[in-house]
Amino acid sequence: GKGRDREPKGGAAKGAAAKGAGGAGKVAGAMKKVLKLKDCDPDFNLGGKLRGSKCENLHHIQDETGAMLWVLGEAGEPVRLEISANAQAPLDQAAQMSKDLIKTIFHEYEQWKNGPPAKRQRA
């Protein structure tokens, strides 16, 4: 009947949804590390740069390490990256990968700041 016809579609959708959610969803691990980032111009969109297109940067680090990452900080607050894992090794690996990403983004920020004249000048 109808149930058999829908089964393969449902199975494929479940697999895709699980992969897209990073496997475990938003479940924090036993260990946590918070990386506080220095302030930068809100027009640069630091949180967006950290996440990457469709959160690809965070998903890459999560897939490689098994850790979970969250970009936090409301408008006007410093951006921070929270990393959570169930063991020290994946936490350290995720922190190192995150620091490498942050270093690259801040290099991009320096180029952005010193690039073509902006709409407004800062003192």
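Modeller: Let's start with a rule. A salt bridge is a side-chain nitrogen of Lys or Arg within 4 Å of a carboxyl oxygen of Asp or Glu. Keep in mind that this is a predicted model.

Biologist: Why is the pair Glu82 and Arg80 called a salt bridge?

Modeller: The closest N and O atoms of Glu82 and Arg80 are 3.7 Å apart. The cut-off is 4 Å. So the pair of Glu82 and Arg80 passes. Salt bridges with shared partners also join Lys32, Arg80 and Glu82 into one network.

Biologist: Is Glu82 buried or exposed, and how do you know?

Modeller: Glu82 has 14% relative accessibility. Buried means under 20%. Glu82 therefore counts as buried. Arg80 is at 28%.

Biologist: How many salt bridges does the rule give?

Modeller: Five. One of them links Lys33 and Asp92, with 3.8 Å between the closest N and O atoms.

Biologist: What makes the pair Lys33 and Asp92 a tie between separate parts?

Modeller: Lys33 lies in strand 1, residues 31-36, and Asp92 in helix 4, residues 88-113. These parts are 59 residues apart in sequence, so the pair ties them together. Lys33 has a relative accessible area of 27%, and Asp92 has 36%. Both values fall between 20% and 50%, so Lys33 and Asp92 are partly exposed.

Biologist: Why does the pair Lys49 and Glu108 count as a salt bridge?

Modeller: The N to O distance is 3.2 Å, and the rule asks for within 4 Å. Lys49 is in helix 2 (residues 46-51) and Glu108 in helix 4, so this pair also ties together parts 59 residues apart in sequence. Lys49 is partly exposed at 31%. Glu108 is partly exposed at 32%.

Biologist: Now the overall fold. Which pattern does the protein follow along the sequence?

Modeller: The pattern is α-β-α-α-β-β-α. That gives four helices and three strands.

Biologist: What makes strand 1 and strand 2 edge strands?

Modeller: The three strands form an open sheet in the order 1-3-2, with antiparallel pairing. Strand 1 and strand 2 each have a single partner strand, so one side of each has no neighbour in the sheet. Neighbouring strands are turned by 15° against each other on average, direction ignored.

Biologist: How do you know that strand 2 and strand 3 pair?

Modeller: Pairing needs at least two bridges. Strand 2 and strand 3 have five, and they run antiparallel. So they pair. Leu69, for example, has Ile83 in strand 3 as its bridge partner.

Biologist: Which helices lie against these strands?

Modeller: Helix 3 lies across strand 2 and strand 3, at about 155° to strand 2. Helix 4 packs on the sheet and touches strand 1, strand 2 and strand 3. The direction of helix 4 makes about 15° with that of strand 1.

Biologist: Why is Met68 called buried?

Modeller: Its relative accessible area is 9%. The limit is under 20%, so Met68 is buried. Met68 is in strand 2, residues 68-72. Across the whole protein, buried residues make up 28% of the 123 residues.

Biologist: Which residues touch the most other members of the largest nonpolar core?

Modeller: That core has 23 residues. Leu37, Leu46, Leu50, Leu81, Ile83, Ile102 and Phe106 touch the most other members. Helix 4 gives the most to this core, with eight residues. Ile83 also has contacts beyond its neighbours within four places in sequence, among them Met31, Leu69 and Leu91.

Biologist: What makes Lys54 and Cys55 stand out?

Modeller: Most residues other than glycine have a negative phi. Phi of Lys54 is near 55°, a positive value. Cys55 has a positive phi of about 60°. Lys54 is in the loop between helix 2 and helix 3, and Cys55 is in the loop between helix 2 and helix 3 as well.

Definitions and conventions
Residues are numbered from 1 along each chain as its sequence is written. This is a predicted model: local features need pLDDT of at least 70, side-chain atom pairs count only at pLDDT 80 or more; totals for chains, interfaces and linings use all residues. Side-chain values use heavy atoms; hydrogens and water are left out. Helices (H or I, at least four residues) and strands (E, at least two) are DSSP runs, numbered from the N terminus. Buried means under 20% relative accessible area, exposed over 50%, partly exposed in between (1.4 Å probe, protein chains only). A nonpolar core is a set of buried Ala, Val, Leu, Ile, Met, Phe, Trp, Tyr and Cys residues joined through side-chain atoms within 4.5 Å. Contact means heavy atoms within 4.5 Å. Axes are lines fitted to C-alpha atoms, for helices over the stretch in contact, and angles run from 0 to 180 degrees between N-to-C directions.
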